[in-house]
Amino acid sequence: MPKTINYKSYIITREDNGAVSVVKDGEPQSNAKAALKEVASVAGFQVEDKWNTYQIGAKLINYLEDNNLVPKSKNIEKIVEGTSSEIANAKVRVYGKAQNRTVLGIAHAYMVMYPQATLEDLRKAFPNELNPAKNVDELFVYATKPAEKGEWRGYFDLPEELLTMGDGKKVQLAGMWTKESFEKAVFHAKQYGIIVADFEKAKGGGKKGGFRLEYLNGYVPPVPAQKKSLWWLWLIIILLLAGLAAFFAFKPKEVVEVEKIVEVEKIVYVDRVEEIEKNFNAATFIQGKADLSDDAKFVLHDLEQLMQKHPELKLKLVGHTSSEGDATFNQKLSEARAQAAVDFLVGRGVDASRLSAEGKGSSEPIDENNPEANRRTEFIVIE
């Protein structure tokens, strides 16, 4: 299990694979090694130059515990859940199955707590600075018509994803969230009494790729103000309808033959595969590694269930990397990442004959100026 400790204004988390992250005064630190050295300096711990980030994190945590600078043998809550004090004062907990869907859950939780809020209120509560890499002009915009098949406009646009404002208007949230922006949103939400459950705790909760809310500490959401009843208008409408019904009841009946048309709706899963592909690529790999992150595994759980539901669905997973680094290494890395996803699905019970993996390295970039966009895995439906 990951280990997290609180020391003064710092939160240090060491994952099972040795990776270390540091949060200072509620802000995730982009340079973990420099942040760990800063903590070590404050604590009076000597760091040797030859140590890497993993070693510094492990030795520093042991030092803090051994010297009783933090509670020993007690794993303080992770960043995503909150401290004991934050949990005790929280009103809503959000359970999510992907970073961007969890942020969507945070926005919905805010609207539950402040049902009269307008788009302007929402923008003030969650400013654009929380996600500078959102690839759209605003975090929140008024909803437009749903996107066409295969079209991605940068916002959540399914009916159940839209936010309903106090004036009845529908609003969309930006759909792309990096790990850094996600963590900013999580910390920002705590000021409204909103906390986010660890992804591990969210297993089995919520619907596919979605979120669910839990009210905490006896909190009861406010009831939206009801509009004044126009009972007299409804009474007039009912009387008119009754008059029309009486008129047609005494009118000679005509026999009309109606041809019954039965339409069979073909099951279409291409859109769902495209959505899963976007969520999978948002859950990025560790640079230079082919190990699946927890976020990526959550997304692949959704894909596995889709393939179990549609046994005729076959996929080819194609890995791509940026042009940075050695071309031969990138080619092997792209193959390994695609194969890692295939192996995970096969391990979950999907027949291996329905899946194939391919790597194309950096040979097919989609944006020469954005290396991050070129690091992707394509989910191709085989006809």
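The model is a predicted one. It holds 3 cavities of 30 Å³ or more, an open sheet of 3 strands and 14 salt bridges.

**The largest cavity**

- The largest cavity has a volume of about 60 Å³, and its lining is made up of Val103, Ile106, Ala107, Phe126, Leu130, Leu139, Phe140, Leu173, Trp177 and Ala185.
- Sorted by class, the lining of this largest cavity consists of 10 nonpolar residues, with no polar and no charged ones.

- Two or more residues of the lining of the second largest cavity come from each of the elements α4, α8 (270-282) and α9 (294-309).
- In the lining of the second largest cavity, 5 residues are nonpolar, 3 are polar and 1 is charged.

- The 3 strands of the open sheet follow the order β9-β5-β10, and their pairing is mixed.
- Because β9 (194-196) and β10 (211-215) stand at the edges with a single partner strand each, one side of each of these strands is left without a neighbour in the sheet.
- From one strand to the next, the twist of this sheet averages 25°.
- Strand β5, which covers residues 92-96, runs parallel to β9 and is joined to it by 3 bridges; within this pairing, arginine 93 has isoleucine 195 of β9 as its bridge partner.
- Helix α4 packs on the sheet, where it touches β5, β9 and β10, and the direction of the helix makes about 40° with that of β10.

**Salt bridges**

- Among the 14 salt bridges of the structure is one in which the side chains of glutamate 161 and arginine 101 meet, at 2.5 Å from N to O.
- Glutamate 161 lies in the loop between β6 (140-142) and β7 (163-164), whereas arginine 101 belongs to helix α4, so this pair ties together parts that are 60 residues apart in sequence.

Note on methods
Residues are numbered from 1 along each chain as its sequence is written. This is a predicted model: local features need pLDDT of at least 70, side-chain atom pairs count only at pLDDT 80 or more; totals for chains, interfaces and linings use all residues. Side-chain values use heavy atoms; hydrogens and water are left out. On a 1 Å grid over the protein atoms alone, a cavity is a set of points where a 1.4 Å probe fits but cannot get out, and a pocket is an open set with protein on both sides within 12 Å along at least five of seven lines; lining residues have an atom within 4 Å of a point. Grid points are joined across faces, edges and corners, and a volume is the space filled by probe spheres set on the points. Ala, Val, Leu, Ile, Met, Phe, Trp, Tyr, Cys and Pro count as nonpolar, Asp, Glu, Lys and Arg as charged, and the others, Gly among them, as polar. Helices (H or I, at least four residues) and strands (E, at least two) are DSSP runs, numbered from the N terminus. Two strands pair if DSSP finds at least two bridges between them. Axes are lines fitted to C-alpha atoms, for helices over the stretch in contact, and angles run from 0 to 180 degrees between N-to-C directions. Contact means heavy atoms within 4.5 Å. A salt bridge is a side-chain nitrogen of Lys or Arg within 4 Å of a carboxyl oxygen of Asp or Glu.
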